[in-house]
Amino acid sequence: EQSPTSPAGFEWGAYLEKETALAAAVSCFRHAPLCAQWDDISLGMKVEVLNTNAVLPSKVYWIASVIQIAGYKALLRYEGFEEDSSHDFWCSLVSAEMNPIGWCAMTSKLLVPPQDVKQHIPDWKEYLMKTLVGNHTLPVDFYLKSMRTSFRVGMRVEVVDPKHVSRTRLAAVHSIRGGRLRLVYEDQSDAPENIVDDFWCHLASALLHQIGWSQQVGHNIKAPVTTTGPASKSFRGNYDSSFVLFKKPRFVYMEGCYFEEGMKLEAIDPLNLGSICVATIQKVLLDGYLMVGIDGVSSNGYDWFCYHASSHAILPVDFCKKNNIPLTVPPDYDSQIFTWEEYLTDTDAKSVPPRLFNADFPGHGFSPDMKLEAVDLMEPRLLCVATVKRCVGRLLLIHFDGWEDEFDQWFDHQSPDIYPVGWCDLMDYPLQPPPGLVLYDPAAQNKKQKGKRRKRNG
Ligand code: MLZ
């Protein structure tokens, strides 16, 4: 199936409680909606929400306190329950059901206390006055502003060819959800029957470029074909993207001391994103782009990968050693005894001067064990329940819950492919729960699946 579908039944709140885990805060994700406003959200904040603990024919509301925050979600407790947690419930902080104090009065909605409050409260008005004094509430304009983007369905782009990562391929924007694009390749001639060749990425992805980019920087592009495959799959773009829409990498000076063909470095393996490998600059393109090859993988150049000189996926030699990360060495070397010094002599090569790497690091709010939603970049349609496993400078090692460590992937902390807990819900994008998780929906339990090992490229 090409379009994402979500196995029903996964609830972040219950899962976090079961795992006794915390979620990374929305403010950690710069590209996430409402990131900048998240400072206004705090524990103890009071809101007006639907009262589900009432038996009345019409909708009534009540005041609740935020007692825990996890990404976009909050654990709420209705006023009056005090220490009694039995009626606590999770709710998205960004939803039409979540309102600031005063909203009911302004919109003539009824505030009715929950029926199961054990406490005897003779005067609710006085009680509320006391609890409300000195507390914050939601900002009035706290909702998802329309996610305006200049990307449009039908716009043609150049994007990496996952089957042949050293080249790009023409594609058109088929749909947009929460800033994520589904791109359908123009050439469907190699796609298996009943499969539409497509790719998913965020509009700020480094893999996405305007029409003409490949030619401009000297990158390979799959030649356009005249036959585009079965008409049933055809989806043609109708206008070319312009460069103004795309995230520009930072400017790099290419004069003087610069990356040179043959120089060695460490790089995240584009086809196995959990591994940092011994690599070589294979080609220097224009505008700061580089073709990087993983040493010992193949010599045909098909899996060279384009990284910008400012990318955080390329790293100076000994980065892994300094940070206690296992370095993946070429097949004919032993990682136990590998040293860069010896390898550079063996290969008669120079290493990339360390000052050429982008060392910017403003800091971030992630720490190990925090939960989040992350794209499986090997199958970028899938947004999965995930955990920060390690933080090394600006890099995060992300583990996909329920999957073996072989699936782990390194992400930059500013990657547009990691999202706060609750993002999928907010965007109505399907979230992949951990496989084999005992779900709360009994019907879904029969469909339990086991996490499988996946081979490189698989
Ligand atoms: N087809 C793949 C899906 C892997 C998705 C993992 N996401 C973390 C497999 O089963 O190997």
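Reader: What pLDDT does the chain average, and what percentage of the residues score at least 70?

Author: This model is predicted. The average pLDDT of the chain is 90, and 91% of the residues reach a score of at least 70. The model also carries an ipTM of 0.95 and a pTM of 0.91.

Reader: How many disulfides does the structure hold?

Author: A disulfide covalently joins the sulfur atoms of two cysteines. This structure holds zero disulfides. For cysteine 257, the closest cysteine sulfur is that of cysteine 306, and because the two are 20 Å apart, they are too far from each other for a bond. Cysteine 306 is likewise in no disulfide; its nearest cysteine sulfur belongs to cysteine 201, 14 Å away.

Reader: What relative accessible area does cysteine 257 have, and is cysteine 306 buried or exposed?

Author: Cysteine 257 has a relative accessible area of 34% and is therefore partly exposed. Cysteine 306 has a relative accessibility of 15%, so this residue counts as buried; the cut-off for buried is under 20%.

Reader: Which residues of helix α6 are buried, and which are exposed?

Author: An α-helix has 3.6 residues a turn, so residues three or four places apart point the same way. In α6, which spans residues 340-347, the residues Trp340, Tyr343 and Leu344 are buried. These three lie on the same side of α6, because they cover an arc of only 100 degrees around the axis. Glu341 and Thr345 are exposed on the other side of α6.

Reader: Where does threonine 168 lie, and is threonine 168 buried or exposed?

Author: Threonine 168 is part of strand β6, residues 167-177. Its relative accessible area is 3%, so threonine 168 is buried. Apart from neighbours within four places in sequence, the residues in contact with threonine 168 include Val159, Asp161, Trp213, His219 and Ile221.

Definitions and conventions. Residues numbered from 1 in each chain as written. Predicted model: local features only at pLDDT ≥ 70, side-chain atom pairs only at ≥ 80, totals over all residues. Heavy atoms only, no water. Disulfide = S-S within 2.5 Å. Buried < 20%, exposed > 50% of the residue type's maximum accessible area, 1.4 Å probe, protein only. pLDDT = per-residue confidence, 0-100. Helix = DSSP H or I, 4+ residues; strand = E, 2+ residues; numbered from the N terminus. Contact = heavy atoms within 4.5 Å. Arc of directions from axis to C-beta.
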